[in-house]
Amino acid sequence: MNIIPLSEGSFTIDKTKLFVPFDEAKDELQHRPVGSLLVEIQPFIVVTSKDILLLDTGLGFNDKMSGQMQLHINLEKAGIKQEEITKVLLTHLHKDHAGGVSMNHDHTKLSFPNARYYLQKRELDFALEKGFPSFIPEEIDLLKTSSQFHFLEKDEGMIDDYISYQHTGAHSPYHQVYWIKENEEIIFFGGDDAPQLQQMKIKYKTKYDYNPDKAMQLRQLWWEQGNKEGWKFLFYHDIKMPVSHSAVRKS
């Protein structure tokens with residue numbers, strides 16, 4: 001399988017939950033508000049024998065020069081047209097993961113016209129009820145009625161016999177993670193349950209997770225299992241390491 005990270009850049013975020021661009025060449029983290037986190041925003045393309053998969057959809061920001069969505073520009077640079085995306089796998093609907101779900105100023109058009117979108121039904125209900133600042137309802141409201149959306153009702157299951165999902169409730173109440181398996185290869189995408197490589201290697205408990213203890217335990221479990229089974233890990237918020245091969249590879 002071919003993995004293509006689609007970086008939208010580095011940002012800091014603090015208690016205001018606003019994503020502020022960060023240029024590592026000239027900006028200094030200590031000049032940002034106390035408690036600011038430095039993160040990458042990085043959806044992924046995974047090309048399999050069956051599909052061109054998009055994993056989460058970024059912030060949905062538009063390029064100031066062209067007016068195009070940054071996600072679409074990044075796809076074009078990778079040689080992929082937006083019409084070629086066949087499945088969009090969403091972990092959750094926080095605005096930095098779901099901003100690219102829809103497009104146009106009124107958000108009445110899905111960003112990928114030929115794709116089928118996958119999401120926990122409970123996550124959409126929660127996001128629309130909870131609203132701003134973590135969620136932007138107008139960007140995701142059309143999911144309620146779109147025929148392109150396939151809502152997942154179970155805590156775990158399979159999509160087309162080669163993609164498995166599991167509801168975790170760790171980073172957020174209805175967050176889910178994915179495994180993509182093809183020809184003995186396993187790709188794991190943990191979204192915000194497993195956002196950075198360093199969090200997998202140490203016992204790291206966050207203040208911003210819905211269930212910090214569960215999130216920490218799952219990261220340890222996945223890292224151990226992935227190293228035994230030779231997973232490839234995709235890290236949505238890692239500044240330096242978007243893709244990490246497990247330490248032990250299958251023979």
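**Note on the predicted model**

1. The protein's secondary structure comprises six helices and 17 strands. Helices here are DSSP runs of H or I with at least four residues, strands are runs of E with at least two, and both are numbered from the N terminus. The model is predicted, so local features need pLDDT of at least 70 and side-chain atom pairs count only at pLDDT 80 or more, whereas totals for chains, interfaces and linings use all residues. Residues are numbered from 1 along each chain as its sequence is written, and side-chain values use heavy atoms, with hydrogens and water left out.

2. Overall dimensions. Along the principal axes, the C-alpha trace spans about 50 × 45 × 35 Å.

3. Of the 251 residues, 55% are buried; buried means under 20% relative accessible area, exposed over 50%, and partly exposed in between, with a 1.4 Å probe and protein chains only. The accessible surface comes to about 12,300 Å², and carbon and sulfur atoms hold 50% of that area. These areas come from the Shrake-Rupley method with a 1.4 Å probe; for residues, only the protein chains shown count as cover. Among contacts with a separation of 6 or more, 64% link residues 24 or more positions apart, where contact means heavy atoms within 4.5 Å.

4. Helix α1. This helix covers residues 70-77 and is mostly covered, with six of its eight residues buried. The buried residues are Q70, L71, H72, I73, N74 and L75. The elements that cover them include β5 (44-47), β6 (52-55) and β8 (102-103). After α1 comes G79, whose phi is positive, near 80 degrees.

5. Asp14. D14 sits in the loop between β2 (10-13) and β3 (19-21). This residue is buried yet has no salt bridge, and the nearest side chain of opposite charge, K15, is 7.7 Å away. A salt bridge is a side-chain nitrogen of Lys or Arg within 4 Å of a carboxyl oxygen of Asp or Glu. For charge, Lys and Arg count as positive and Asp and Glu as negative, while His and the chain ends are not counted. The D14 side chain does make a polar contact with the side chain of T16, at 2.5 Å. A polar contact is a pair of N or O atoms within 3.5 Å; within protein, one must be able to donate a hydrogen and the other to accept it, and residues adjacent in sequence count only if both atoms are side-chain atoms. Not counting residues up to four places away in sequence, D14 touches P33 and S36.

6. Gln148. Q148 lies in the loop between α4 and β11 (149-152). Its side chain reaches the backbone oxygen of F112 at 3.0 Å, and a polar atom of the Q148 side chain lies 2.8 Å from the backbone oxygen of A115. With residues up to four places away in sequence not counted, Q148 touches L110, F112, P113, N114, A115, R116 and Y117.

7. Lys144. K144 is also placed in the loop between α4 and β11. K144 counts as partly exposed because its relative accessibility is 49%. Its side chain makes a polar contact with the side chain of D141 at 3.1 Å. Residues up to four places away in sequence aside, K144 touches L124 and L128.

8. Glu156. E156 belongs to strand β12 and, at 55% relative accessibility, counts as exposed. Apart from neighbours within four places in sequence, E156 is in contact with Y165 and Q166. E156 and P242 are 86 residues apart in sequence and 25 Å apart in space, C-alpha to C-alpha.

9. Backbone points to check. A cis peptide bond joins F132 and P133, with omega about 10 degrees; P133 is in the loop between α3 (121-130) and α4 (137-140). Phi of D160 is near 55 degrees, a positive value in a residue other than glycine. D160 is in the loop between β12 (156-159) and β13 (163-167) and is partly exposed at 40% relative accessibility. N183, likewise a residue other than glycine, has a positive phi near 50 degrees. N183 is in the loop between β14 (176-182) and β15 (185-189) and is exposed, with a relative accessible area of 72%.
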